[in-house]
Amino acid sequence: MLFGFGPKSSILLIFFSQGIVFSFLLLKKGLDHGDRANKWLSLFLLLCALYISPFMLGYAGWYSRQPYRDILFYLPLQQLFLMGPVLFFYTKSLLNRSFRMTRYDWVHFVPAFLYLCYSLVVFVTDKVVLGEYYFYEDQRDKDLSLWYQIAGLISMLLYLFLSLKYYDHYKRLTVQTVSFADQILFKWIKRYFTTKFSPFRIQNKKQNP
């Protein structure tokens, strides 16, 4: 398999590998103990690892060689509309151990589903129907399109807000009803969200490596 080791691709490979490993370990822990929060966190780490994969593989030479270029073009590795809801439901599962998904909760995943459908239409049109680049005539990865990156950033900021709002509700309820509230407030959640996730470090303008 083609992989050109360089400073950028190698550094990203380290982060990608760690994300995959910890995602697997959290999933195993979640399955072993029936812990839904660990399952959601496992999925979030996987999405983060997949997010950096186009850059890692691009710097490794995939955009310049076939069939690797088409893999990056037609495989939707960056699921920006999925990251926000997963983070939100991780927060709910962590703070409320009795939380269960309802049919209304699945509405949060509609944008991600529509983007998957869009990606499928692009693939079928180019590879099956026309047999040539139509959507990809400009030779630019759709995952890195400006509209998608901006929409994904807005989605993640929205779910960051919802997560913090849910935490504040949990905090108020806990303080009112539990005498040992300080022990179960998960104060690190708000601190972590506000210091790490609020910028989200997603560039609005991205180009293929």
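Which residues line the largest cavity? This tour of a predicted model starts with that cavity and then moves along the helices and loops.

**Stop 1: the cavity**

Select Phe73, Tyr74, Leu75, Pro76, Tyr115, Ser119, Val122, Tyr136, Lys142 and Asp143, which line the largest cavity. H3 and H5 are the elements that give two or more residues to this lining. H5 supplies the largest share, 3 residues. The volume of the largest cavity is about 60 Å³. A search of the whole structure for cavities of 30 Å³ or more finds 1. Rolling a probe the size of a water molecule over the atoms shows where empty space is left.

**Stop 2**

Now select Lys127 and Asp70. Their side chains meet in a salt bridge, with N and O 2.5 Å apart. Lys127 belongs to helix H5 (residues 110-129) and Asp70 to helix H3 (residues 68-74), so the pair, 57 residues apart, links distant parts of the chain. Asp70 is buried, because its relative accessible area is 13% and buried means under 20%. Lys127 counts as partly exposed, at 38% relative accessibility.

**Stop 3**

Go to helix H1 (residues 7-33) and show the side chains of Lys28 and Asp32. The closest N and O atoms of this salt bridge are 3.0 Å apart. Why do Lys28 and Asp32 stand about one helical turn apart? They are separated by about one turn because they are 4 residues apart in H1. An α-helix has 3.6 residues a turn, so residues three or four places apart point the same way. Is Asp32 buried or exposed? Asp32 is exposed, with a relative accessible area of 52%, while Lys28 is partly exposed at 43%.

**Stop 4: along H2**

Select residues 36-59, which form helix H2. Its 24 residues reach 36 Å from the first C-alpha to the last, close to the 34 Å expected at 1.5 Å a residue. At the start of H2, look for a side-chain oxygen of Asp35, which reaches to within 3.0 Å of the backbone nitrogen of Ala37. Then move along to Ser53, where H2 bends by about 35 degrees. A proline, Pro54, follows within four residues. After H2 comes Gly61, with a positive phi near 100 degrees.

**Stop 5: the loop between H2 and H3**

Select Gln66 and Pro67, which are joined by a cis peptide bond with omega of about 5 degrees. Pro67 is in the loop between H2 and H3.

**Stop 6: H4**

Next, select residues 80-95, which make up helix H4. This helix has 16 residues and reaches 24 Å from its first C-alpha to its last, close to the 22 Å expected at 1.5 Å a residue. Why is H4 described as largely enclosed by the rest of the structure? The reason is that 16 of the 16 residues of H4 are buried.

**Stop 7: the loop between H5 and H6**

Finish with Gln139, found in the loop between H5 and helix H6 (146-177). Gln139 is not a glycine, yet its phi is positive, about 60 degrees. With a relative accessibility of 33%, Gln139 counts as partly exposed.

Asp138 counts as partly exposed at 45% relative accessibility, whereas Lys142 is buried at 13%. Lys142 is also one of the residues lining the largest cavity. In total, the count for the structure comes to 4 salt bridges.

Conventions: Residues are numbered from 1 along each chain as its sequence is written. This is a predicted model: local features need pLDDT of at least 70, side-chain atom pairs count only at pLDDT 80 or more; totals for chains, interfaces and linings use all residues. Side-chain values use heavy atoms; hydrogens and water are left out. Buried means under 20% relative accessible area, exposed over 50%, partly exposed in between (1.4 Å probe, protein chains only). The expected span of a helix is 1.5 Å times one less than its number of residues. The bend at a residue is the angle between axes fitted to the seven residues ending there and the seven starting there. A polar contact is a pair of N or O atoms within 3.5 Å; within protein, one must be able to donate a hydrogen and the other to accept it, and residues adjacent in sequence count only if both atoms are side-chain atoms. On a 1 Å grid over the protein atoms alone, a cavity is a set of points where a 1.4 Å probe fits but cannot get out, and a pocket is an open set with protein on both sides within 12 Å along at least five of seven lines; lining residues have an atom within 4 Å of a point. Grid points are joined across faces, edges and corners, and a volume is the space filled by probe spheres set on the points.
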